[in-house]
Amino acid sequence: MPMAKPLPEGAVLGILGGGQLGRMTAIAAAELGYKVHIFAPQGDAPACDFAAATTRADYTDDDALKSFGMAIDAVTSEFENVPATVMDTLAQYVPVSPGRAALEVAQHRIAEKTLAAKIGIAVPRFAAITSAQDLASAMADMPHGAILKTCRLGYDGKGQARLAAGDDLDAAWQSLGSDDCILEERIAFSAEASFLVARTSDGQIKHFPASINHHENGILSQSRAPADPALLSDDYLKQGQDMVAALAEALELVGVLAMETFITADGLIFNEIAPRPHNSFHWTIEGTKTSQFAQLVRAVMGLPLGDTAAMGRWQMDNILGEDMAKLDAALGEEGVFVHRYGKAAAKPGRKMAHLTRKLD
Ligand SMILES: Nc1ncnc2c1ncn2[C@@H]1O[C@H](COP(=O)(O)OP(=O)(O)OP(=O)(O)O)[C@@H](O)[C@H]1O
Ligand SMILES: [Mg+2]
């Protein structure tokens, strides 16, 4: 259902998913005068603390989806793995962001790389892997090492195996437990950069400054932004912005689209997209005039996009379950913005909070 005019104050934004991205989107929605209705399988999810209404149901529960659709004025998804058909169901009632096509593509690593390549974006060499035999023959073409990933449901480096010549490929294949995988060549990068663009239903777009990201064990650890020109030249910045805008256009995306890339001597190489707010842009809550969450709310509710100019340089550090002592220390540190996600249990590797500080 297309957006006719800006939704008025008091309108209800539905959010699929109840994690920290939904929580921070709900806070931004409240600041813009909107109410939030969370639809999530878990009732006590982080986003529910800021919701006027909550539906606890599975994404496959059609009756619950229909009631949800009738109770809201627009919907977005903070979780990219909701079944894409959910968006078709909800589109009968309200404008949806992202739409089914964007979700479907972002949910599958081969689909996203195939789309990127089709519109002229450089992607790592890759092969579809559906058997141990496929893996053995594809590895023979990747002498500099490769990464085997499940095509679906991977996040924070889960569902991945790093492989070098001579490794036990059968064991790697067994360890992933999926017959829908991708083998990608390992890219030698100088740094990783991510890009974020917002797009409205009438095709207006606005870029955010790019972030430089550092991962540990496949999990985002730190972002610094706007990207240091010594790491991401102006030419590369423009290249990345053109890439993410072309993808948003191709997906007819309404909302925000994030793109992760590798910086190499031969240009930017595409890694993956996410049709939602992205961890590497949490610094925008303090660091840009309009945060990524406020921008998403604006795009989905039919408001004009906000100013994304950065107000200085920023650093964002993730706090995982094993870092809780760092979090406690940060609470007493001057100049640190603390964002706790309200999660009950601090498990290792689980994102519990983030810290933002100004660099200059
Ligand atoms: N082809 C590659 N070459 C070199 N490094 C890679 C490659 N693919 C992934 N990596 C490294 O592993 C990290 C995580 O990979 P990827 O982004 O595919 O995983 P993910 O599980 O979807 O992560 P997230 O959801 O946290 O973004 C990348 O940011 C990068 O540091
Ligand atoms: Mg990633």
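Guide: Here is a walk through the domains, the sheets, the ligand shell and one histidine.

Visitor: Good. What kind of model is it?

Guide: It is a predicted model.

Visitor: Which domains is the protein divided into?

Guide: There is domain 1 (12-106), domain 2 (125-185) and domain 3 (191-358).

Visitor: What separates the centres of domain 1 and domain 3?

Guide: Taken over C-alpha atoms, those two centres are 21 Å apart. On the contact side, domain 1 puts 27 residues against 24 residues of domain 3.

Visitor: Which elements of domain 1 touch domain 3?

Guide: Those giving two or more residues to that side are α1 (20-31), β4 (74-77) and α4 (100-106). Helix α1 gives the most, with eight residues. By type, domain 1's side of the contact has 16 nonpolar, six polar and five charged residues.

Visitor: Switching to the ligand. Which residues come nearest to ligand 1?

Guide: Gly 154, Tyr 155, Glu 184, Ile 187 and His 215 do, out of 18 residues around ligand 1.

Visitor: How do the shell residues divide into nonpolar, polar and charged?

Guide: Eight are charged, five are polar and five are nonpolar.

Visitor: And where does ligand 1 lie relative to the domains?

Guide: Ligand 1 lies between domain 2 (125-185) and domain 3 (191-358), because both give residues to its shell. As for strands, β7 and β15 (267-274) each supply at least two shell residues.

Visitor: You mentioned β7. What sheet is around it?

Guide: An open sheet of four strands, in the order β6-β9-β7-β8, with antiparallel pairing. The edge positions belong to β6 (126-129) and β8 (160-163); each has a single partner strand, so one side of each has no neighbour in the sheet. From one strand to the next, the twist averages 20°.

Visitor: How many bridges join β7 to β8?

Guide: Four, and the two strands run antiparallel. Strand β7 covers residues 146-150.

Visitor: How is β2 joined to β3?

Guide: By four bridges, with the strands running parallel. Strand β2 spans residues 35-40. Within this sheet, Phe 39 stands opposite Thr 55 in β3.

Visitor: Last stop, His 339. Where does it lie?

Guide: His 339 is in strand β17 (residues 336-340).

Visitor: Why is His 339 classed as partly exposed?

Guide: Because 18 other C-beta atoms lie within 10 Å. Buried would take 20 or more, and exposed 12 or fewer.

Visitor: What does His 339 touch?

Guide: Ala 353 and His 354, leaving out residues up to four places away in sequence. Also, the C-alpha atoms of His 339 and Gln 20 are separated by 9.8 Å, though the two are 319 residues apart along the chain.

Note on methods
Residues numbered from 1 in each chain as written. Chains lettered and ligands numbered in written order. Predicted model: local features only at pLDDT ≥ 70, side-chain atom pairs only at ≥ 80, totals over all residues. Pairing = 2+ DSSP bridges. Axes fitted to C-alpha atoms, helices over the stretch in contact; angles between N-to-C directions. Near = placed C-beta within 6 Å. Nonpolar A, V, L, I, M, F, W, Y, C, P; charged D, E, K, R; others polar. Domains from an automatic or database assignment. Contact = placed C-beta atoms within 7 Å.
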